[in-house]
Amino acid sequence: MNVDLKLGLALITAHLLADFVFQSNKDVENKKKPAVLGKHALLAAGLSYLLAGDWQAWPVPAVIGLTHFLIDRVNAGLKQNSLRVFLLDQAAHLAVITVMAWLSPTVFPVVSEWVSLWGAGFTKALVIMAGLILTTQVGGVVVGIEVQPYLVDLTKPKGQENQSIIAAKKEAQRGLMKGGRVIGQSERGLIFFLAMIGKPEAVAFLIAAKSIFRFGELNDREHRAEAEYITIGTLMSFTWGLVAAWGTWWLASHL
């Protein structure tokens, strides 16, 4: 099967940018509004057009924009916020991109001006950009969905405690509004950097440092639940970061 891999990579990178970099939380929450969804679909189409690099190949971003709108419209109607729904949504977008890359050589050939100018360097840059977004941003979404049940259990009142005790517990558990997200993104970003420069063994020191930092809380019965919640999230985050970063390094090194 003859597949335009360069176009496929450009469209995947455009999709990751549209969904995980330039889309705000407010946009996600208001996806049911046609105007918000339309703006997001136009962004996906525009980024696809830009990164594809062939100004005559307008059918490519047109199809991407239309299908992006339809897929997200269906997803917005689903109330269930689960990993399965998220993966199905992303799989649908990836399927469209795969079909476009498969049809490109025969139906609408795409000749990228960026590849003509910079050659394999542009393709490698796309791989690194896509890998960085996959490692930091997508990893944050996946880990956030997976640890949500533990967070609900952590904040759920136990027994017949009075309101003052419950309020005190919630205050003790309160942290910075986006602190956990920024920490996770920074950790995975550092893992990505270490993997790309060929020093993945240094990740062990990062894991050890965070483990030591939380060791005391694991032995503290008052904060054991919080420590376990953070440890679970950290292990998920590190695992995702290592797999995504090493996968990016391997792909970039074989271009």
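1. The model is a predicted one, in which local features need pLDDT of at least 70 and side-chain atom pairs count only at pLDDT 80 or more, while totals for chains, interfaces and linings use all residues. Residues are numbered from 1 along each chain as its sequence is written, and side-chain values use heavy atoms, with hydrogens and water left out.

2. Helices here are DSSP runs of H or I, at least four residues long and numbered from the N terminus, and buried means under 20% relative accessible area, exposed over 50% and partly exposed in between, for a 1.4 Å probe and protein chains only.

3. Residues up to four places away in sequence left aside, F86 is in contact (heavy atoms within 4.5 Å) with F20, V138, V141, V142 and I145.

4. On a 1 Å grid over the protein atoms alone, a pocket is an open set of points with protein on both sides within 12 Å along at least five of seven lines, a cavity is a set of points where a 1.4 Å probe fits but cannot get out, and lining residues have an atom within 4 Å of a point. The lining of this pocket comprises 31 residues, of which G8, L9, I12, L16 and L94 are the closest to its centre. Helix 1, helix 5 (83–103), helix 7 and helix 11 (224–253) each give two or more residues to this lining, and helix 5 gives the most, with nine. By class, the lining has 22 nonpolar, seven polar and two charged residues, where Asp, Glu, Lys and Arg count as charged, Ala, Val, Leu, Ile, Met, Phe, Trp, Tyr, Cys and Pro as nonpolar, and the others, Gly among them, as polar.

5. One cavity of 30 Å³ or more is found in a search of the whole structure, and the volume of the largest cavity is about 60 Å³, a volume being the space filled by probe spheres set on grid points that are joined across faces, edges and corners. Its lining consists of L11, H15, S48, I64, T67, H68, H93, V96 and I97, with two or more residues from each of helix 1, helix 4 (59–76) and helix 5. Four of these lining residues are nonpolar, five are polar and none is charged.

6. Helix 9 (residues 179–196) has 18 residues and should span 26 Å at 1.5 Å a residue, in agreement with the 26 Å between its end C-alpha atoms; the expected span is 1.5 Å times one less than the number of residues. G198, with a positive phi near 80°, follows helix 9. Within helix 9 lies G184, which is buried at a relative accessible area of 9%. Although G184 and G140 are 44 residues apart in sequence, their C-alpha atoms are 6.8 Å apart.

7. D27, in helix 2 (residues 25–29), is buried with a relative accessible area of 15%. Not counting residues up to four places away in sequence, D27 touches V36 and K39.
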